[in-house]
Amino acid sequence: MAAFWVDKSTRAIVQGITGRVGQAQTHWMLEAGTPLVAGVTPGRGGQVIEGLPVYNTVADCVSNEGANASVIFVPAVAARQAAMEAIDCKLQLIVIVTEHIPMRDTMEIKARARSSGVTVIGPNCPGLFVPGIGKLGIIPASIFRQGTAEGVGVVGRSATLSYEVIANLAEAGLSQTAAVGIGGDPVVCTEFVEVLKRFEADPATKGVALVGEIGGTTEERAAEYIATMSKPVVALIAGRAAPAGRRFGHAGAIIRSGSGGAEQKIKALREAGVTIADTPSQIPMLLKQRIL
């Protein structure tokens with residue numbers, strides 16, 4: 001099992017590769033060294049994008065290229081069908097970058113993936129980046145510090161806040177073992193706990209930076225697992241000043257009926273032994289105090 005779902009055996013495809021965003025991000029993923037083997041756009045089979053063959057179906061990518069992972073850049077209206085096609089082809093990992101997918105569609109994708117034993121990250125997420133392997137998604141490769149055997153894992157709901165944390169870690173001399181963006185929608189297919197389990201099992205990961213925000217209860221569920229972890233976790237919870245009922249950026253970042261507030265998340269995390277940072281720039285110092 002790959003520590004963070006992808007490794008040197010990964011053969012990934014890009015669903016929506018002929019679109020403007022899909023094509024641009026394919027270029028950046030290849031530049032980051034990502035093992036991409038093909039792309040998919042129905043009706044556009046036979047084309048070549050960024051040196052990769054384009055097929056009409058995921059099944060064609062599996063049979064012709066040995067594909068075992070996918071990153072999806074199709075519009076929201078087509079995302080459910082694209083994800084279901086990849087799940088039915090039994091790809092090991094599917095990253096859905098697309099935002100504005102209806103919640104019902106996400107719930108159906110999540111249920112199908114779990115019954116099929118397929119990992120889906122997202123939707124509305126930046127994907128994941130594993131130094132030395134590459135990235136599936138849109139996380140900028142330039143902000144990472146690479147080249148050391150040990151480092152810090154980063155997992156977050158917010159893409160840009162996670163980027164800021166990664167950049168601060170790199171500036172402070174801390175490398176990263178992996179960064180995973182789980183997405184900011186009310187329903188996501190992979191939650192904090194599943195990523196934290198990967199970091200806990202990875203011997204190169206010495207600590208974890210968690211970037212949460214208001215809305216939902218995924219941070220509280222993470223706290224229950226963190227209480228059992230052997231590795232230190234430092235967390236930042238965004239939206240501490242947001243009033244109830246007002247959405248804070250992401251679709252899922254909203255306090256409803258008194259639930260999902262920052263203070264109750266912080267309380268649960270502190271009780272689990274998590275150190276809480278007030279700003280992204282504090283995280284490297286707090287992690288160094290826990291690790292060293």
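**A tour from a buried pair to the sheet**

Begin by selecting Lys-265 and Glu-219, both of which are buried, where buried means under 20% relative accessible area, exposed over 50% and partly exposed in between, with a 1.4 Å probe and protein chains only. This is a predicted model, in which local features need pLDDT of at least 70 and side-chain atom pairs count only at pLDDT 80 or more, while totals for chains, interfaces and linings use all residues. Residues are numbered from 1 along each chain as its sequence is written, and side-chain values use heavy atoms, with hydrogens and water left out.

Keep the two residues on screen and look at their side chains, which meet in a salt bridge at 2.7 Å, N to O; the term stands for a side-chain nitrogen of Lys or Arg within 4 Å of a carboxyl oxygen of Asp or Glu. Lys-265 lies in helix 8 and Glu-219 in helix 7, so this pair ties together parts that are 46 residues apart in sequence. Helices (H or I, at least four residues) and strands (E, at least two) are DSSP runs, numbered from the N terminus.

Next select Arg-157, whose side chain meets that of Glu-219 in a salt bridge of 2.8 Å, N to O. Because Glu-219 lies in helix 7 and Arg-157 in the loop between strand 10 (151-156) and helix 5 (159-171), the pair ties together parts that are 62 residues apart in sequence. Which residues are linked in a network of salt bridges? They are Arg-157, Glu-213, Glu-219, Glu-220 and Lys-265.

Turn now to the strands, where 7 of them form an open sheet with mixed pairing, in the order 9-8-11-10-12-13-14; two strands pair if DSSP finds at least two bridges between them. Strand 9 (134-137) and strand 14 (275-277) stand at the edges with a single partner strand each, so one side of each is left without a neighbour in the sheet.

Finally, colour helix 7 (residues 218-226), which packs on the sheet and touches strand 12 (205-213) and strand 13 (233-238), contact meaning heavy atoms within 4.5 Å. Then colour helix 8 (residues 262-271), which lies across strand 12, strand 13 and strand 14.

Definitions and conventions
Axes are lines fitted to C-alpha atoms, for helices over the stretch in contact, and angles run from 0 to 180 degrees between N-to-C directions.
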